[in-house]
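This short report covers one protein chain.

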Amino acid sequence: MPLLSVFSVDIKPDRILDYQEIAAELAGHARDQSEPFHWTAHEVVYGGASTLHFGTRIDTFGDLAKRGLPPEMVIRVLGEARGTEMLREFGAATQSARTSISADRPELSYPAEAETATAPAAAVTLIKARPGQLEACEELIRKVAEAIPKVGDPARMTTFQTVIGDLSQYWTVRPLDDIAALDSHLPPSELLDQAFGAAEGGLIYRTGLDAIEHAERNILIYREDLSNPGAA
């Protein structure tokens, strides 16, 4: 079961540059040393404020155990003295942090046909289902994914479900070559209407909305300078 571990950091507003500088230092050393602990960094530029997400692809929880914890990697890459100092610097600049693990949900997705390099930007939609409404929430996501090719919309969408963290949470990722690409993506309600007709599409949309407790969309940009993606 392919998994995605995401470490999300809300940075103190007056320490954003400090955090990014030390994150870039760590990533640079990790790349130079061919560190096997790989990650990609993504900065929220529209939506939430002062937030970075560090994502790591893993195949199994066993791989997660072998990889070890991020602080162990920091010490390994930088040595005991600088590594310990950097961990303190990260802590001083952090307002809050959390780690979640999510599973791919290919049946709720319409991804690109082939694996490509990390997209320069992405629209990420976080969806929290109401208690007892997981199936109805999934049906809305599934129908949106089905509608994309039906109407020839250029969007591609990959869906994840949280398995460690908030279990009522799904999130979708739409990779973007640039933010302007969103101009050509239909909103979900219009997408459903065009794909299934106004009556059925409207019903799917209203039923799905009733199943959602909270939904939030952010636009992220890929920060290659803060990443250690490994071989392409």
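How many nonpolar, polar and charged residues are in the lining of the second largest pocket?

## The second largest pocket

This is a predicted model. In it, the lining of the second largest pocket divides into 19 nonpolar, six polar and one charged residues. The volume of this pocket is about 530 Å³. Its lining counts 26 residues. Nearest the centre lie Phe7, Phe37, Phe54, Pro70 and Met73.

Both strands and helices contribute to the lining of the second largest pocket. The strands that give two or more residues are β1 (3-11), β3 (51-58) and β4 (94-104). The helices that do so are α1 (16-32), α2 (61-67), α3 (70-78) and α4 (80-93).

## The barrel

Eight strands close into a barrel. Their order is β1-β3-β2-β8-β5-β7-β6-β4, with antiparallel pairing. From one strand to the next, the twist averages 35°. Helix α1 packs on the sheet and touches β1, β2, β3 and β4. The direction of α1 makes about 140° with that of β1.

Strands of a sheet pair through backbone hydrogen bonds.

## Strand pairings

Which residue of β4 is the bridge partner of leucine 3? That partner is alanine 103. The two strands, β1 and β4, run antiparallel and pair over nine bridges.

Alanine 103 also stands opposite glutamine 161 in β6. Strand β6 covers residues 158-164 and pairs with β4 in the antiparallel sense, over four bridges.

Glutamate 43 stands opposite isoleucine 221 in β8.

## Aromatic pairs

The model has four aromatic pairs. One of them is formed by tyrosine 19 and phenylalanine 90. The ring centres are 4.9 Å apart, and the angle between the planes is 55°. That makes the pair tilted.

Why does this pair tie together parts that are 71 residues apart in sequence? Tyrosine 19 lies in helix α1, whereas phenylalanine 90 lies in helix α4, so the pair links these separated parts. Both helices also give two or more residues to the lining of the second largest pocket.

Methods: Residues are numbered from 1 along each chain as its sequence is written. This is a predicted model: local features need pLDDT of at least 70, side-chain atom pairs count only at pLDDT 80 or more; totals for chains, interfaces and linings use all residues. Side-chain values use heavy atoms; hydrogens and water are left out. On a 1 Å grid over the protein atoms alone, a cavity is a set of points where a 1.4 Å probe fits but cannot get out, and a pocket is an open set with protein on both sides within 12 Å along at least five of seven lines; lining residues have an atom within 4 Å of a point. Grid points are joined across faces, edges and corners, and a volume is the space filled by probe spheres set on the points. Ala, Val, Leu, Ile, Met, Phe, Trp, Tyr, Cys and Pro count as nonpolar, Asp, Glu, Lys and Arg as charged, and the others, Gly among them, as polar. Two strands pair if DSSP finds at least two bridges between them. Axes are lines fitted to C-alpha atoms, for helices over the stretch in contact, and angles run from 0 to 180 degrees between N-to-C directions. Contact means heavy atoms within 4.5 Å. Rings of Phe, Tyr and Trp (its six-membered ring) pair if their centres lie within 6.5 Å; planes under 30 degrees apart count as stacked, over 60 as edge-to-face and the rest as tilted.
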